[in-house]
There are 2 protein chains.
Amino acid sequence: MEPISFARGIPAPECLPVEELADCARAVIERDGRTVLSYGSAGGYAPLREWIAERHGVEPARILLTNGSLQGFVFLAQHFAGAKVLVERPTYDRPLKILRGLGVDVVALPMDEEGLDPDALDRELRSGPSPAFLYTIPTFQNPTGRTLSLDRRRRVVELAHDHDLLVLEDDPYGLVRFEGESQPTLFELAGGDHVVYSSSFSKTVAPGVRVGYFVLPNELERELEALAVSTYITPALIGQATVHEFLRRGSFEPNLERVRNLLRIRRDAMLDALERDLGDEAKWNRPEGGYFLWLELPDETDTRELLGRAEAAGVTFVPGADFGGAPASARLAYSFVAPEEVGEGVRRLAALVEQPVAA
Amino acid sequence: MEPISFARGIPAPECLPVEELADCARAVIERDGRTVLSYGSAGGYAPLREWIAERHGVEPARILLTNGSLQGFVFLAQHFAGAKVLVERPTYDRPLKILRGLGVDVVALPMDEEGLDPDALDRELRSGPSPAFLYTIPTFQNPTGRTLSLDRRRRVVELAHDHDLLVLEDDPYGLVRFEGESQPTLFELAGGDHVVYSSSFSKTVAPGVRVGYFVLPNELERELEALAVSTYITPALIGQATVHEFLRRGSFEPNLERVRNLLRIRRDAMLDALERDLGDEAKWNRPEGGYFLWLELPDETDTRELLGRAEAAGVTFVPGADFGGAPASARLAYSFVAPEEVGEGVRRLAALVEQPVAA
C-alpha cells in the first residue's frame, strides 16, 4: 500500500513551474553567466537583492540572500549563540534544534487559535533576563497553520518597541493565502523597527531554488554576511538569478495564483474528509493559507504512538510533540498529497483513532 | 589606473563555459525538474553522487555534496569542534579561520618545496595528543602552489596508517595540471583508508555551480549529512544537476583541456615577467598546475606593508602572513588576470620591491 503523506511540508509536484524555470535558468546564465557562474557577493545576487529591497522599502545592503532561509537562521543563531531566545509553543522544529545545538536558552511562549499570546510575552519580558530575540511565524504558522490576529500583531510590535526586543518574523507562507484578508506583517506595522523579516521563494516559486532572504538592520546584515563568507564564500547564485529572471518576466504573480488554487483544493479536501471521518473525535483549525492544519485528538491520545500504527496503515503525519505541542496534537500537511488521495488518507487515520490500542 | 589582481584566486572569466552551462541547466531542469526544484537528499543530487562514487571506486552513500567544499569543511570542523587539528604552514586561510572559530587547537607543520615535511608530522604524532585530523592540500597547494612529492605522499599515508590518523586531502586543483606527471592522490595510495578526499567543480567547471564534495567513511558521511539537514535541509541541487548534465554530455574533459591551456598561458606570462623584473631580488616556484605561485622576497621585506603601496600602484596580491607564511612571502594568483596584463602587474610590483620604503 502506497503511504499517503500528511507529514511532508513540501509543495505538490504540480506546484513547481518546471518548464518556465528551466527557461529562466538558461536565459539568465546566458545573459549574466560571468557573474552567476563565478564567486560573487556573499550577500547574494545583486538584482534579486534590489528587487526584494524595493518590495520591502529598504536599501539593498539590508538584504541577505541565503541557501534557503534555514541557513540564514543558522547565521542569526550563531551570532546570538549562548543567549536566550523566545519561541512559540509549538513551533517549527528545525530552528528549535539549531538553537539548542548552539547552547541557546529557549523559552517557549504559549499560543492559541489567534497565535502567540501577547500577555505571556509581556510577562516574560517583565520578569526574565532580556532575550536576544523572539522567533515567531505569525502567518499560517508551521506547525499549526495559525495566524496572529491584527490586534495581537499590534500588541507584539508595541511590546517590541517598549522592551527594545528584536523580533524575527519568519514569513515563508504569508503570500500563499488563498482566502480571507491579508494581515500586515509585523515588519510593516513596526515600520521596520525592531523586526527582522525573513522569507523565501520555496513556497512561491520552488524549494529547489534554495533562496531564502532576510531584511536586517545594516550592522546585523554585515555581521551575518561575514558569517556567510566564512561558511560558503558565495551562496548558490544560479537559483537566485533564476528566481530574479522569473520575477522580471512577470511570472511570479500568475504562478502564485496557480499555487494558491492548488493549495486551496487540497485544504478543502482535507477539511471535508476530517469533518466526515473525525467530526466527533477531533478538533482542527481552518487555515486561510499555507501548508498545514493542526489536529487535536482526544486528550488521552499519544500521536507518537499513533504514528507507528498510522505508518503501518499507510498514512503519515508529524506528532505535535515534535514541535513542542501537546501529546494529543498532530501537524497535518495538505500541501503535498494529491487531492484525490486526501480522503483515503484521513479515512486510514480515522480508523486508527477510533480503534483502541492493542494491549 | 585599473588595479591588476594577483590576489583573486578565481578563474578568468573566459574559463567559464557559459553557453554550455546555460543549456545544461535548461536541459536538466526540464528533464528532472520535479527532483531538482524540490527538497531532496541532504547528501546531494543522486546521479552526481553516483558519478563521483564511480570515479573514486566507492559506494554513492559515501559521497556528500555540499554548497561549495568550504561548507563541507565547516561540517567536518563542527563534528570535531574542540579537538586538535594539524595543518600545513602556510595553508589556505579560510579553513584556518573556521577551525579557530570552533575552538580547535590548530598545530601548523612546516613544509618546503616538496610540500609537507613528513618528519615533522612524524614527530608531532609521536609527541603530542592525537589530532582529530590532518588537513592537507597536497597538489598545487593554496597558497604556495607546491605539490607533495611521491615519496612524501607514501610517507604521509604510512604515518596515517601507523598512527591511526585521519587525513583530509583537499584537492580542488589536482585536475588542472597543465604540465608534468600526475601524482596519485593520498586517497588512492591509501586505498581509501584513513583518508577523506575532498574536491569541487569550482576549478574544473565553474565556481558559481557551488558544488563541493567529500568522499567519507560511511559513518562520518551520515553524521555530516545530519549536520547538512539541520543547516539547509537540501543543498542547491540546480548547480549539482547542471554539473551532472555537463559530465553526461562528455563536456568535462574538453573543457578541462581548454581551462588548462588558459591557465598555462597565464602561468608562463607570470614566470617570464618575474624572471625579467625580479630575477635578482626574489625567489618563486614553477607550479605545474593550479592557480598560485609563492613569491619569496628578501628577508627584510614585509609584504603586508608592501601591499599598501602596491594597491596604490595598481597591483594586488595576498601577503604570505595571511596564510601563516613568512612576512617576506606572498601568494601570487595567475588564474584571474588577462595574460597581456600580467607583465604590467609584475612591473608595478617590482618597482616597489626595489624602491626603499619612505621614512
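Biologist: How much area is buried between chain B and chain A, and what share of it do carbon and sulfur atoms give?

Modeller: The size of an interface is often given as the accessible area lost when the parts come together. In this predicted model, about 3,900 Å² is buried between chain B and chain A, and carbon and sulfur atoms give 63% of that area. Leu37(B), Tyr39(B) and Arg210(B) supply 18% of what chain B buries against chain A, more than any other three residues.

Biologist: How many residues of each chain are in contact across this interface?

Modeller: The contact involves 46 residues of chain B and 46 residues of chain A.

Biologist: Let us turn to the backbone. Which residues have a positive phi although they are not glycine?

Modeller: Most residues other than glycine have a negative phi, and most peptide bonds are trans. Among the exceptions here is Arg210(B), with a positive phi of about 50 degrees. Arg210(B) lies in the loop between β8 (195-200) and β9 (211-215) of chain B, and is buried, with a relative accessible area of 3%. Another is Asp164(A), whose phi is positive at about 55 degrees. Asp164(A) is in the loop between α6 and β7 (167-170) of chain A; with a relative accessible area of 62%, Asp164(A) is exposed.

Biologist: Where are cis peptide bonds found?

Modeller: One is the bond from Asn142(A) to Pro143(A), with omega near 20 degrees. Pro143(A) has its place in the loop between β6 (133-136) and α6 (150-163) of chain A. Another joins Arg89(B) and Pro90(B), with omega about 0 degrees; Pro90(B) is in the loop between β3 (84-89) and α4 of chain B.

Biologist: How many disulfides does the structure hold?

Modeller: A disulfide is a covalent bond between the sulfur atoms of two cysteines. The structure holds zero disulfides over all chains. For Cys15(A), the nearest cysteine sulfur belongs to Cys24(A) and is 17 Å away. Because a disulfide requires the sulfur atoms to be within 2.5 Å, Cys15(A) is in no disulfide. Cys15(A) is buried, at 3% relative accessible area. Cys15(B) is likewise in no disulfide, with the sulfur of Cys24(B) the nearest at 17 Å; Cys15(B) is buried, at 4%.

Biologist: Is Arg260(B) buried or exposed, and what is it in contact with?

Modeller: Arg260(B), in helix α10 (residues 252-278) of chain B, counts as buried because its relative accessibility is 15%, under the 20% limit. Leaving aside neighbours within four places in sequence, Arg260(B) is in contact with Leu175(B), Val176(B), Arg177(B), Phe178(B) and Glu253(B). A polar atom of the Arg260(B) side chain lies 3.2 Å from the backbone oxygen of Arg177(B).

Definitions and conventions:
Residues are numbered from 1 along each chain as its sequence is written. Chains are lettered from A and ligands numbered from 1 in the order in which they are written. This is a predicted model: local features need pLDDT of at least 70, side-chain atom pairs count only at pLDDT 80 or more; totals for chains, interfaces and linings use all residues. Side-chain values use heavy atoms; hydrogens and water are left out. Buried means under 20% relative accessible area, exposed over 50%, partly exposed in between (1.4 Å probe, protein chains only). Helices (H or I, at least four residues) and strands (E, at least two) are DSSP runs, numbered from the N terminus. A polar contact is a pair of N or O atoms within 3.5 Å; within protein, one must be able to donate a hydrogen and the other to accept it, and residues adjacent in sequence count only if both atoms are side-chain atoms. Contact means heavy atoms within 4.5 Å. Buried area is the accessible area (1.4 Å probe) that two parts lose on being put together, summed over both.
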